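The following note sets out, point by point, what may be read from the structure shown below. Please consider the points alongside the coordinates.

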Amino acid sequence: MTNKSIHGKVFKKLRLERGVKLKDAAGEVISAQTLRRFEADETSVSLVVFEKLLGSLGIGYIEYLIELLPRLESDYKELTIDVLKFARVGNYSGMMTHLVRKLKDDKITLSERLFIAVMITGYSGILPEKFKENNKILLEYFQGIEMLSLNEKAALNGIITTSSTKEIPLEFVRRTIADSLSYNPDVEGINIISTIITFRVLHSSIGFLLRSGNCNEAEEVCKKVIDILDLIDITLSHIKPTFAVHTYILLAQIKLAQNKVEGVELANKCIRQIDASIDLYNSTKEINNRKDYVDRFYELNKTGVEFDF
């Protein structure tokens, strides 16, 4: 791990928040003394070791990078802490109410607007008007920027997943895709957070193309994303399977929407891969995602060929 002064400090904060003793967090992964030095910014640990340490806290590496680390270092910590309190007890209605209240604040900052857009990523219910208004404000802001920051890209991903095809200009999505496809993980792979956000934006943009009926275009983008995945070197190999499966799930949906029989077999392969992961990790999130994928596959399948699941 690089940036040891960041990761050790953040890890200790997360461990203390969860009430995990130092020796329990260290387990059989490393000695308690080494962990103590890591938390004190006196040494670093390998990525493999860090992932295992996060596992002792019940945190996934991607979750840590894309959600926890940026929030703990943000300039809107008070909002972050309040929202996480709701999320940890599963009170999502309370979280949404709190975010709406913040959006009504005349003194709300751009950083807070971006954070709220990230927090509602993938929201499937009826989006309250205040969130739609926030999405619109940020979209207008983004369209005047030549290059988005990581936080802005993460917010854009949230906006694309929660907006209808009428609420975002198709040309803007196409511009976003072109910018994202220019990303070269073989050169820039050292920035793991950037890679994760880039793929998430690409996936949400492909989903937007599919929803807007541009299936052929969505299929071409999917194939280009698969080519980029092949460029990911060993430093990012631990995140490659996650994005590969999601890309092929999108490709299966596209082929089903085009009434192509190969979409059925591709969907079968994707679900088998997800089932293997669930059997190994028994992740509640993956179980819920599987249900959503299956429902979507059945909704799109008009080929007359049955799935294996």
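Which residue forms a salt bridge with Arg174, and how far apart are the closest N and O atoms?

1. The partner of Arg174 is Glu171, with the closest N and O atoms 2.6 Å apart; a salt bridge here is a side-chain nitrogen of Lys or Arg within 4 Å of a carboxyl oxygen of Asp or Glu. Both residues lie in helix H11, 3 residues apart, about one turn of the helix. Arg174 is partly exposed at 28% relative accessibility, whereas Glu171 is exposed at 52% (buried is under 20% relative accessible area, exposed over 50%, partly exposed in between, with a 1.4 Å probe and protein chains only).

2. Basis of the note. This is a predicted model, in which local features need pLDDT of at least 70 and side-chain atom pairs count only at pLDDT 80 or more, while totals for chains, interfaces and linings use all residues. Residues are numbered from 1 along each chain as its sequence is written, and side-chain values use heavy atoms, with hydrogens and water left out.

3. Overall make-up. The protein has 17 helices and 0 strands (DSSP runs numbered from the N terminus: helices are H or I of at least four residues, strands E of at least two). Of its 309 residues, 46% are buried. Among contacts with a separation of 6 or more, 64% join residues 24 or more positions apart; contact means heavy atoms within 4.5 Å.

4. Other salt bridges. The count comes to 20 salt bridges. Glu112 pairs with Lys102, the closest N and O atoms being 3.3 Å apart. Because Glu112 lies in helix H8 and Lys102 in helix H7 (residues 92-103), this pair ties together parts 10 residues apart in sequence. Both Glu112 and Lys102 are buried. In helix H17 (residues 284-300), Lys291 and Asp295 are 4 residues apart, and their salt bridge has its closest N and O atoms at 3.0 Å.

5. The charged network. Salt bridges link Glu219, Glu220, Lys223, Lys255, Lys260 and Glu262 in a network. Lys255 lies in helix H15 (residues 240-257) and is buried, at 11% relative accessibility. Its side chain makes a polar contact of 3.5 Å with that of Glu262 (a pair of N or O atoms within 3.5 Å; within protein, one must be able to donate a hydrogen and the other to accept it, and residues adjacent in sequence count only if both atoms are side-chain atoms). Gln258, in the loop between H15 and helix H16 (262-281), is buried at 19%.

6. Nonpolar cores. The largest core holds 73 residues, and Phe11, Leu35, Phe50, Phe142, Ile168, Ile206 and Phe297 touch the most other members; a nonpolar core is a set of buried Ala, Val, Leu, Ile, Met, Phe, Trp, Tyr and Cys residues joined through side-chain atoms within 4.5 Å. H15 supplies the largest share of this core, 9 residues. A second, separate core of 15 residues includes Tyr76, Met96, Leu99 and Phe131. Beyond four places in sequence, the contacts of Phe297 include Ile249, Leu256, Ile271 and Phe309.

7. Helix H10. The buried residues of H10 include Glu152, Leu156, Asn157 and Ile160. Among the elements covering the buried residues of H10 are helix H8 (110-119), helix H9 (129-142) and helix H13 (192-211).
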